[in-house]
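Welcome! Let's take a friendly look at how side chains meet one another in a protein model.

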Amino acid sequence: MSADVEDLDWLLKYAEKRGFDYIEARHHTLKVQDFNILNGLTTSVNQSESAGFSLRVVKDNIIYFFSSPSKEKIKEDLEYFHPLSARPWSNSFGKDEDIFVGEYKVTQKTPLDLVSLGEKIKFMKNVMKDVEGIKISSKILSFELIYMELFEKKDIITSDGASVHSEIPRVWNMYSIVMREGDRSINAFSDELGSAGGYEVLNSWNLQEYLSEKVKSFNEVIAKAKATPSSISDIVLSGQIAGIIAHESAGHPFEADRVLGREGAQAGMSYLTGRDIKSDRHFASESVSVVDDPTLPYSMGFFLSDDEGVRARRKFLIKDGMISELLYDRSTSSSFGVKSNGSVRTSDFTAEPIIRMSNTFFLPSSITFDEMIEDIREGVFIKSFMEWNIDDLRWSQRYVGLEAYEIKQGELGSPVLFPVFEANTGQIYNSIVAVDNNLSFYAGTCGKGEPSQGVPVWMGGPDLRLRGLSLKKLGD
């Protein structure tokens, strides 16, 4: 038994003497290293580490939360409570959960700490130099690369028998590019490249080739893009945009704490509040299934046990167009007459465990992209976005396309200049007539809570075909 686990066991036993109905102890370590390179110069280097304990206890349906780098400080805080007599289980944290006992780790073929910071910076500078050397007609005004690695270790024990040890390293790359030609310009930012694993993850991305193709594509938009067509029959959204739609307008509003109103004054509301999701289940076209799945190997949102010690699994938020289940924790699940489905995460030891997403996406089908668009007479394919926003209710949405192309007689054609897609959630989900088999994932940070907690996730999915909706020109 490690020293951290021994300390957790000590905290758990001390809390048990105080007579609480439920006890959850966690030791959480988070190490971060990141640096920025702007136009060939290293502009910042950061290294940080946080480690500490948290304790959550329940008595008579009231939850108390403590956190500190020191177990002794938590013990001291507990002593402010008057002695309590032990009682039978009588709180809203459901009984007989599918608890996790064991450990899991994401393996590193090349451990992150065996590669020097100088070598990592040199690699990224060489990538930037090669990309800036591409011959294009437009000018790169600004080019920034951001490298980040995170190592997260957790030990969790609970009074109902959960015992978890996990270690997850993650690697992340973000870029920002500003380009201009004549009176046209592009400001592209993306944090789409990220995965759990060691330094080998960086090499697997073929970063030089990937960014080179992006720059060439942005240049084509600036140099050749046509105005958004006024009449189209279909809109096709890439997996990147599908991922944001799934995350923002299915994932967040399907969080049970948000549905019950807890998040209303913090991170937003849910259009499902007040809806009887057991009887009123129709939500989308039959082509639509959306899942949240933390068990995807090497994903940014990977975990096999949530931070309440409940075993993780794939959750169907929407299945064949019907509402299937919400994201639950031990507390909210009892309000809906179900068990927790293992949807709790924390950003560090100071953070309260709350319902969070992991990897949220539309499920693909068996048809190819070419088969999906072959009968489109006139449409637009939006491959990436320049900006997006959604309201607090997660209902009204807006996306401005960056890389976008016209579809003519089933074939991709000329680039389209910054098409604007606006619709509400109901319109979007019910206008999806097909999804393809091109499952792709993109890294992101999901923010929620007060104070805000950011946790790594994957977004993405297949390409979506929508019928009956329209596009606008930027500025209209």
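Here is a short tour of ring pairs, charges over rings and salt bridges. Please keep in mind that this is a predicted model. The count comes to 15 aromatic pairs and 33 salt bridges.

**Aromatic rings**
- Phenylalanine 441 and tryptophan 458 are stacked, because their ring centres are 4.8 Å apart and their planes meet at 5 degrees.
- Phenylalanine 441 belongs to strand E22 and tryptophan 458 to strand E23, so this pair ties together parts that are 17 residues apart in sequence.
- Tryptophan 458 counts as buried at 13% relative accessibility, whereas phenylalanine 441 is partly exposed at 25%.
- Elsewhere, ring pairs join Phe254, Tyr271, Phe283, Phe362, Trp395 and Tyr429 into a cluster.

**Charges over rings**
- Lysine 71 has its charged end over the ring of tryptophan 10, 4.5 Å from the ring's centre.
- Lysine 319 places its charged end over the ring of phenylalanine 316, 4.9 Å from the centre.

**Salt bridges**
- Aspartate 21 and lysine 59 form a salt bridge at 3.7 Å, N to O.
- Aspartate 21 sits in the loop between helix H1 and strand E1, and lysine 59 in strand E2, so the pair ties together parts 38 residues apart in sequence.
- Aspartate 21 is buried, with a relative accessible area of 7%, and lysine 59 is buried at 7%.
- In the salt bridge between aspartate 77 and lysine 73, the closest N and O atoms are 2.9 Å apart.
- Aspartate 77 and lysine 73 are 4 residues apart in helix H2, so about one helical turn separates them.

Technical notes. Residues numbered from 1 in each chain as written. Predicted model: local features only at pLDDT ≥ 70, side-chain atom pairs only at ≥ 80, totals over all residues. Heavy atoms only, no water. Phe/Tyr/Trp six-rings, centres within 6.5 Å; stacked < 30°, edge-to-face > 60°. Helix = DSSP H or I, 4+ residues; strand = E, 2+ residues; numbered from the N terminus. Buried < 20%, exposed > 50% of the residue type's maximum accessible area, 1.4 Å probe, protein only. Lys NZ or Arg CZ within 6 Å of the ring centre and 35° of its normal. Salt bridge = Lys/Arg side-chain N within 4 Å of Asp/Glu carboxyl O.
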